[in-house]
Amino acid sequence: MGKSSKDKRDAYYRLAKEQNWRARSAFKLIQIDEQFDLFEHENPEKVTRVVDLCAAPGSWSQVLSRVLIKGESFGRRSWVEKRRKEQAALENLDGDAPTANQDADNTDSTALKPRKNVKIVSIDLQPMAPLQGITTLQADITHPSTIPLLLQALDPEAYDSTSSTPHAVRQPHPVDLVISDGAPDVTGLHDLDIYIQSQLLYSALNLALGVLRPGGKFVAKIFRDRDVDLLYSQLRTVFERVSVAKPRSSRASSLEAFIVCEGFIPPAIHDTLLGMDTLKNPLFGGAAIPQPVSADGNIAVEVPEEKPNTKKSVITSSDSATRDAQTRLLHKDSGDSTTPEPLFNNPQKFAAENRWIPSFIACGDLSAWDSDASYTLPPDYVNLDPVQPPMAPPYRRALELRKEKGGAYGKTKLGTMGRA
């Protein structure tokens, strides 16, 4: 399939190259922001620290850079601002000539205002081409060693690498937004793909719990299946609002959707090293939880007292210093006598009171391009090359062999270039 046929089939693929985006997925984040106002455009100081997980090739990081750092607008918001400028220009033409002060005010309001207090960190297992104002890390989000690298990238001046306590942080600064567009290389076996995607989401959520501030937001890609309600209920325990978004640029034939979690509620369990053990001790603790600080500036860990009549679940782990503080009511006789009778005795009542269905929202203007449709290209249309080809594609060896053999059956331009 050539470039022309792909441009006809996927309008967002063509628009991404025309608008200098690295991938068509940039439109997904833009449309989600239109619906949920992820970047707090009315009060931009609320979102100054963002972590982009599974960022390669960098389209979402591009959106973060151009919106949060450069102050640009896209999508519906850009159209509204353009209409406002046109209306102001018409009013100036109809009324008196504007004064010099009015001209200066209009220039200040329309000019881009770059911000210097924004910190954005992008993480991916694959190498990613650098972006202006973005700190890129090549790391594995499923490995615990990524947490100290992330904290050091977020606060290089506050990260105390010379302290005797490993990974000690003097003044933690949690982030406002964590986004993840990660997905595995699909195999076509839907159950397997959904399982691998859920594990990737699990790692992204564990990392987000370690760095999010109270009230922060978390956005991640999911694959919808028959058991997705369980995922919604689990996310609902640590976020005030959970919604499912389907951007217009996402193909309707695809199972992908995006979970948008707002209003982060830090768990009550304190973590020992400020988010360092979130992958070892998943779904508990985080950098956003207030931690007492000792006189030397390091974190003083306070272990909660145990209740005398509380039974603990069995945890087989070598580093269970923090996990011993957990309590799980597994049976009706667990806990002390003051514990109310659990709802497990009445399954119907339990199902009625605990079932929760989030709102499913279609993002993007209905008059926008259809990602599943094919469009006729104009006669003078010029096919463009991708903005940023993959730096280390897994099929690099196949490309080299194809070039050596003269392209596909020796009939392509690539083969001609290789022979030349």
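This tour moves through the structure stop by stop, stating what to select and what is found there.

The model is predicted, so local features need pLDDT of at least 70, side-chain atom pairs count only at pLDDT 80 or more, and totals for chains, interfaces and linings use all residues. Residues are numbered from 1 along each chain as its sequence is written, and side-chain values use heavy atoms, with hydrogens and water left out.

**Stop 1**

Select asparagine 20, in the loop between helix H2 (11–18) and helix H3 (26–36). Helices (H or I, at least four residues) and strands (E, at least two) are DSSP runs, numbered from the N terminus. Asparagine 20 is not a glycine, yet its phi is positive, at about 70°. The residue is partly exposed, with a relative accessible area of 45%. Buried means under 20% relative accessible area, exposed over 50%, and partly exposed in between (1.4 Å probe, protein chains only).

**Stop 2: helix H3**

Next, select H3. Of its 11 residues, 10 are buried, so the helix is largely enclosed by the rest of the structure. Among the buried residues are Ala26, Phe27, Leu29, Ile30 and Phe36. Aspartate 37 follows H3 and has a positive phi, near 55°.

**Stop 3: the loop between S1 and H4**

Move on to cysteine 54, which is placed in the loop between S1 and H4. Its phi is near 50°, a positive value in a residue other than glycine. Cysteine 54 is buried, with a relative accessible area of 15%.

Proline 57 lies in the loop between strand S1 (49–53) and helix H4 (59–69). Select alanine 56 together with proline 57: a cis peptide bond joins them, with omega about 5°.

**Stop 4: cysteine 261**

Is cysteine 261 buried or exposed? Cysteine 261 is buried, with a relative accessible area of 0%. The structure holds zero disulfides, a disulfide being a pair of cysteine sulfur atoms within 2.5 Å.

**Stop 5: a surface patch**

Finally, select Leu189, Leu192, Tyr195 and Ile196, which make a nonpolar surface patch of about 400 Å². Patches are made of residues with over 30% relative accessible area and no salt bridge; like charges are joined within 9 Å, nonpolar side chains (Val, Leu, Ile, Met, Phe, Trp, Tyr) within 5 Å. A salt bridge is a side-chain nitrogen of Lys or Arg within 4 Å of a carboxyl oxygen of Asp or Glu. Accessible areas come from the Shrake-Rupley method with a 1.4 Å probe; for residues, only the protein chains shown count as cover. Tyrosine 195 belongs to helix H8 (residues 190–211) and counts as exposed, at 52% relative accessibility.
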